[in-house]
Amino acid sequence: MNSGMITRRQMLTRSGVGMGLLGLTQLLGDARLLAAEPKLINPLAPKAPHFTPKAKRVIHIFANGGPSQVDTFDPKPILNKYHGKPLPVTNLRTERKTGAAFGSPFKFQKYGQSGIEVSELFSHTAKHIDDICVLRSLHADVPNHEPSFLLMNTGESRLVRPSFGSWVTYGLGTENQNLPAFVSMCPGGMPLMESQNWQSAFLPGIYQGTYINTKDVNPEKLVEHIRNKFSSSSDQRKQLDLLQKLNRQHQEIRQSDVQLEARIQSFELAFRMQTEATDAFDIRKETRETIDSYGKTDQGRSLLIARRLVERGVRFVQVSHAPVQPWDSHDDIEINHRRLAGEIDRGIAALISDLKRLGLFDSTLILWGGEFGRTPVVELPQAGSNAGKVNGRDHNHWGFSVWLAGGGVKGGQIIGATDEFGFKAVEKPIHVHDLHATMLHLLGFDHEKFTYRYAGRDFRLTDVHGKVVNEVLA
Amino acid sequence: MRFVFAPILIIISLPAYAAEKPSAAQLDFFEKSVRPVFHDYCVRCHGERKQEAGLRLDSVAGILKGTDMGAIIVAGDPAKSPLIKSVRREGDYPMPPDKALTKEKLEALVQWVQSGAAMPVGAQQQAENPAKNHWAFQPVKKPTIKAPENVNPIDYFIASQLQKEGLKLAPMVDRRTLIRRASFDLIGLPPTYEETESFANDPDPNAYAKLIDRLLAKPQYGERWARHWMDVARYADTKGYVFTEDRNYPYAYTYREYLIRAFNEDKPYGRFVLEQLAADKLKDIKQPDLAAMGFLTVGRRFSNNIHDIIDDRIDLVGRGLMGLSIGCARCHDHKFDPVPIADYYSLYGVFQNSFEPKELPLIGEQERTAEVAKFEAELARKEKAAADYEQKMYADALAPFRKADSIAAMLLATVATEGFENARADKWAVDRKLDPRILDRWRKAVRGHDDVFGVWRELVKVPQSEFEQRVKTIVNSVKINNSIKTHLLQSRPKNRDELAKAYAEVLSIATVASLEKKSTDWKQLESLMVGPEGITNPPKADADKLVAIAVKRVFRILRNDAAKFRSSAPASPPRAMVMNDNARVSEPVVFLRGNPNNRGQRIPRRMPEVVAGAERKAFTNGSGRLELAHSIINPENPLTARVIVNRVWMWHFGQALVRTPSDFGLRSEMPTHPELLDWLASTFVMDDGWSMKKLHRRIMLSSTYQQSSQADATTATKDPENRLWSRFNRQRLDFEQFRDSLLFTAGQLDAKEIGGRSVNLFTEPYRKRRAVYGFVDRQNLPGTFRAFDFASPEQHTPQRFQTTVPQQALFLMNSPFVIDQAKATANRTSGEPYERIDSLYQAILGRLPTTNERNLSIEFVKSSNDSAEGLTKWDQLAQILMLSNEFAFVD
């Protein structure tokens with residue numbers, strides 16, 4: 001598909017009609033036309049990927065700011081032995097100066113059949129460990145937030161490129177035309193890099209993520225212009241009835257122009273969306289018990305909304321923890337990581353349980369992780385950078401953990417390893433590009449063939465990199 | 001002949017060793033024993049898909065070319081051949097990386113190189129050069145027209161093609177539709193009912209030509225067409241993400257004002273391009289036209305990464321002005337088009353040697369009103385407050401390190417940590433509550449500066465018992481800074497601690513500005529301590545880390561306060577976002593694989609070979625921007641004129657002749673009518689002197705433009721995509737046209753003031769200025785802009801997308817802005833229901849209703865109620881008409 005260079009036929013067929021698809025097909029009445037470019041009828045119509053996928057939708061639980069691997073999913077008891085003493089090896093270079101080994105203040109324990117060790121921070125999540133595939137050998141390019149956010153979310157650290165969610169909705173469309181295809185949530189404000197994390201860049205704007213501030217519980221504030229504040233629903237219906245009558249008359253003498261039909265349908269869609277979208281975002285419709293099971297936090301609420309959305313066919317949901325970079329514990333990692341994990345651990349466990357109960361778990365791909373991890377050694381005091389308490393960790397792009405679960409993922413296993421201190425990925429190193437390639441594979445795409453022509457070049461999420469990590473696949 | 005061979009087609013200058021024709025046996029050896037090794041072990045990373053280090057081993061040309069660093073084979077000398085070194089796993093690049101070749105395979109390679117590295121070279125040279133014949137790289141030639149003089153040339157090209165397909169132009173459209181079409185097209189607004197009727201009934205056969213002239217003379221023409229160009233120029237009012245810096249471009253609006261003026265004055269396109277790239281270099285430039293250079297400077301700032309900023313500018317100039325995707329050559333030669341990586345860095349050099357002055361030039365006549373004076377005083381106060389605070393902030397943070405006790409402690413620490421690795425020294429320092437960063441600087445300093453620290457280094461080795469007596473001898477025996485010498489001799493330190501104290505006293509004094517420091521000795525010490533690289537003057541990034549977070553926050557507030565005041569105060573005078581040439585010009589180097597740390601050959605600044613030919617000259621005038629601009633508008637440049645007339649055609653017809661308007665390269669589509677494109681391009685440059693208004697007239701006066709948009713059954717079948725232009729394209733209003741029409745219909749549009757600062761379009765109370773003045777926040781583009789396919793300000797936009805999504809309908813149904821306009825429109829009507837309905841139709845759709853429509857409306861108002869929320873039934877009817885397809889489309 002070319003960008004910007006839309007042929008008239010494409011322009012016509014691209015007009016986004018969801019429920020009006022049937023009418024449109026009849027209207028076009030030209031089988032050849034449909035066969036030629038079936039994908040373009042509606043930019044958000046469900047589309048088939050390269051091969052039959054295991055996962056049909058994605059929930060990205062983004063621990064923005066960089067959670068520490070040695071305090072969560074990559075236990076290194078040896079650090080406690082060296083605690084306060086320099087490591088026998090030189091510290092790798094990270095953003096700031098670091099000092100002695102820093103043993104994890106958290107207890108680890110084995111969970112499930114697989115006996116994978118998880119720290120007390122994620123004791124609820126760990127109950128599902130046999131369905132979780134822990135990747136302990138992720139690595140990124142630099143120890144700075146800005147480029148690493150972009151790398152994790154768009155596959156490119158600096159330049160403006162479409163986000164992962166935009167690629168997925170471009171490739172798969174969405175299953176519910178009454179809701180945004182790609183939703184990015186963050187309670188209280190936007191994560192660092194703001195809308196660049198869910199940008200569509202050179203893909204059509206319709207593939208851009210819709211940002212939702214989940215601090216607000218009122219669904220009417222979550223989707224722009226979703227509520228008609230000026231008349232009753234029946235009055236508005238009456239307006240639309242006359243509008244459509246006039247539009248039909250206008251259309252009749254203009255033969256079957258698809259653009260006109262598309263616009264007619266879009267009003268019907270919008271009218272239905274007012275009810276459906278409001279409903280989807282309204283967690284007040286859940287039982288008290290369910291709400292409680294997600295933990296009564298902003299993060300739990302986000303995950304509950306995420307579940308309601310994927311249940312209704314939304315393709316890609318991203319849940320960032322809180323504004324900017326909350327997991328960035330340069331100081332007081334014990335207090336801060338405990339608080340942060342406490343805000344989301346129950347929610348993750350409840351989300352997985354709910355998806356299983358609803359039969360959606362096997363077709364929903366869940367990614368948990370930050371943009372990088374943290375150093376196994378302590379960060380040294382710097383007046384301008386931290387509070388000088390010498391009880392936090394610096395950024396670490398050399399090695400960190402993320403986990404995948406759900407659609408097509410072989411759970412109960414650990415892939416890769418960091419060195420003996422948890423600093424650097426040494427066994428089966430997995431670059432962020434490899435993670436993307438693997439996730440696209442689970443969604444049915446050959447990441448090297450999933451391209452978009454722009455400015456004379458075929459762009460990919462993985463650029464010229466990426467290798468599928470086959471061990472992940474069930 | 002300006003055509004050059006494409007670099008992708010590498011024509012090899014044969015190395016001397018291959019000059020002799022290889023024997024059949026040699027070639028056989030290559031095919032059987034060498035090529036299979038490359039194929040099995042190397043091409044995964046050095047082949048068609050990946051070219052690690054720029055190397056391809058799947059073609060003879062690739063093998064001969066070698067890596068980015070140079071040749072890999074020295075024929076006849078395996079030991080000197082990097083290829084052999086690598087497979088022998090000697091040197092920096094052991095290959096293949098995971099496992100060595102078997103001895104047998106390795107020996108085959110050695111033998112091959114030893115015997116002259118024969119390959120079937122001849123075959124390569126005969127390869128075709130696709131770029132050579134590519135249509136867009138051929139000179140523009142004015143085609144001959146074999147038709148009577150009174151036939152419009154555009155119609156001639158279109159009609160003759162249609163005739164071949166057994167088709168003809170669609171009938172002329174009626175005058176009511178025509179005035180609506182022309183009006184939206186040129187000024188972005190509908191005609192009023194009265195204008196429509198008077199045009200429809202005008203008996204003058206030249207009424208249409210006069211209408212076009214009238215529309216072109218309106219200042220709203222400039223507003224409409226400036227916006228088209230703003231899509232090309234990726235206009236925005238903000239920089240995107242730049243850490244904690246203020247994100248606004250306070251003067252971006254002056255670039256928009258320039259564009260509006262340029263279109264209204266019909267500035268010749270050549271001159272327009274020249275000014276946007278190099279207004280600062282033009283002797284006859286008028287001060288306000290300096291704002292033209294916003295073209296280069298309103299792009300994204302990529303966290304202030306200079307390489308990405310330059311890349312954005314190269315992309316803009318390449319695709320925006322010449323339809324050439326030069327940006328593809330940032331990391332390697334362009335894979336499809338004849339743009340080698342060196343041409344990218346030639347242009348990189350132009351922008352690398354240009355800078356944006358800190359204080360942008362004032363433009364326009366400045367009236368020295370009391371308000372302006374007050375603004376300037378206030379701004380100066382705010383900026384001074386920020387600057388003073390910043391200075392004091394760093395001075396305060398660094399002051400403790402310049403005190404004698406700190407200096408003494410640091411000096412002693414350098415001895416205690418001698419021989420430590422940095423990490424260990426850091427830890428040592430932290431444990432003792434010393435700043436590791438500053439200690440690091442001391443540790444480095446005491447190792448050098450012999451005439452200051454030489455004595456120190458000697459004396460700290462001396463045992464305590466001999467200390468006192470050795471001071472004098474050592475001090476007198478070496479070359480030493482006199483201020484130090486005097487003080488050491490006076491203070492007579494008895495041990496290392498006292499020595500440190502003595503040093504510290506002198507060095508601390510040297511950091512204080514008020515002391516007499518006339519002697520070179522004092523100056524030396526001052527520079528050593530607090531000079532640009534001084535021990536206690538760490539780089540800003542480090543010093544920044546010594547400042548408490550709370551203090552920094554105050555500074556940020558002060559700095560951003562000044563920046564905001566500058567950008568938002570009404571009396572803030574306009575400035576031009578210019579670039580200037582660097583005082584010292586340096587030639588660029590190629591960054592191999594796009595990596596600035598991987599520097600390749602040095603190259604001159606000059607035009608890409610594909611447009612300027614192999615004989616192109618290097619730029620010599622400053623940065624070369626002016627020469628670049630001249631070369632772009634050179635009538636012999638095959639791309640510039642074709643690209644702009646194609647864009648103008650697209651903005652009129654909703655679709656372009658070349659359907660990839662910013663890519664005229666090898667992968668572009670052929671023009672639907674190549675001769676027409678060339679006729680337009682050559683007439684535009686040679687006959688019309690790059691006049692946009694003349695181009696509009698030529699296009700709009702053609703029958704092709706005045707056709708009906710109705711397709712009959714034959715044309716719909718034979719020309720489904722309208723590539724033959726067998727009818728006009730029905731076009732949906734874009735966001736700006738739609739929004740402005742709502743305001744216009746409601747009698748609310750503020751159309752008088754032309755120019756001015758950007759306004760937020762989406763917050764209440766709603767601004768009534770035209771949408772072209774809407775504030776564009778690049779980082780977080782407002783949702784309504786996005787929902788309506790507004791041009792992405794990220795990069796240059798070749799053509800807007802057109803989607804129809806329910807978010808658009810939601811805005812129209814529920815946004816207070818649309819409701820306001822419906823109410824205002826309904827309020828303009830009065831009288832009996834029939835009269836009101838007629839007036840509503842006239843105001844909104846520019847016509848009277850049919851009987852049937854009138855009856856439907858009557859029925860609606862009779863059966864409807866005013867809503868409890870204050871929307872009367874008349875408001876509701878007005879909204880319906882404003883939401884109709886008739887309102888939203890131009891036939």
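Visitor: How do you know that chain A and chain B are in contact, and how many residues take part?
Guide: Two residues are in contact if their C-beta atoms, placed from the backbone, lie within 7 Å. By that test, 76 residues of chain A are in contact with 81 residues of chain B. On chain A, the elements that give two or more residues to this side are α1 (8–14), β2 (98–101), α7 (233–252) and α8 (258–281), and the largest share, 11 residues, comes from α7(A). Helices (H or I, at least four residues) and strands (E, at least two) are DSSP runs, numbered from the N terminus.

Visitor: Where do these positions come from, and what kind of model is this?
Guide: Residues are numbered from 1 along each chain as its sequence is written, while chains are lettered from A and ligands numbered from 1 in the order in which they are written. This is a predicted model, in which local features need pLDDT of at least 70 and side-chain atom pairs count only at pLDDT 80 or more, whereas totals for chains, interfaces and linings use all residues.

Visitor: Why are α7(A) and α8(A) called roughly antiparallel?
Guide: Their axes, which are lines fitted to C-alpha atoms over the stretch in contact, come within 10 Å and cross at roughly 170°. Angles run from 0 to 180 degrees between N-to-C directions; those under 35 degrees count as roughly parallel, over 145 as roughly antiparallel, 65 to 115 as roughly perpendicular and the rest as oblique. The two helices are therefore roughly antiparallel to each other. Where they meet, L240(A), L243(A), Q244(A), N247(A) and Q251(A) of α7(A) face L260(A), E261(A), I264(A), F267(A) and F271(A) of α8(A), and this contact has six nonpolar, three polar and one charged residues.

Visitor: How do you know that β2(A) and β10(A) pair?
Guide: Two strands pair if DSSP finds at least two bridges between them, and β2(A) and β10(A) (residues 373–379) have two bridges, in the antiparallel sense. One bridge partner in β10(A) is E379(A), which belongs to T98(A). Three strands form an open antiparallel sheet in the order β2-β10-β11 of chain A, and β2 and β11 (393–396) are called edge strands, as each pairs on one side only.

Visitor: What makes β3(A) and β4(A) a pair?
Guide: Four bridges join β3(A) (residues 108–111) to β4(A) (residues 116–119), and these strands run antiparallel. K110(A) stands opposite E117(A), and in the hairpin, which has four residues between the strands, G112(A) takes a positive phi near 65°.

Visitor: Why is W690(B) counted as buried, and R89(B) as partly exposed?
Guide: A residue is buried if 20 or more other C-beta atoms lie within 10 Å of its own, exposed if 12 or fewer, and partly exposed in between. W690(B) has 22 such neighbours and therefore counts as buried, whereas R89(B) has 14 and is therefore partly exposed. W690(B) has a positive phi of about 60° although it is not a glycine, and R89(B) also has a positive phi of about 60° without being a glycine. W690(B) lies in the loop between α30 (674–687) and α31 (692–700) of chain B, and R89(B) in the loop between α3 and α4 of chain B. Of the 891 residues of chain B, 48% count as buried.

Visitor: Which residues of chain B have pLDDT under 50?
Guide: pLDDT is the predictor's confidence in each residue, from 0 to 100. For chain B the mean is 90, and 96% of its residues reach 70 or more, but pLDDT stays under 50 over residues 1–19, for which the model has 38 contacts beyond four places in sequence. Over residues 123–127 of chain B the pLDDT is also below 50.

Technical notes. Nonpolar A, V, L, I, M, F, W, Y, C, P; charged D, E, K, R; others polar.
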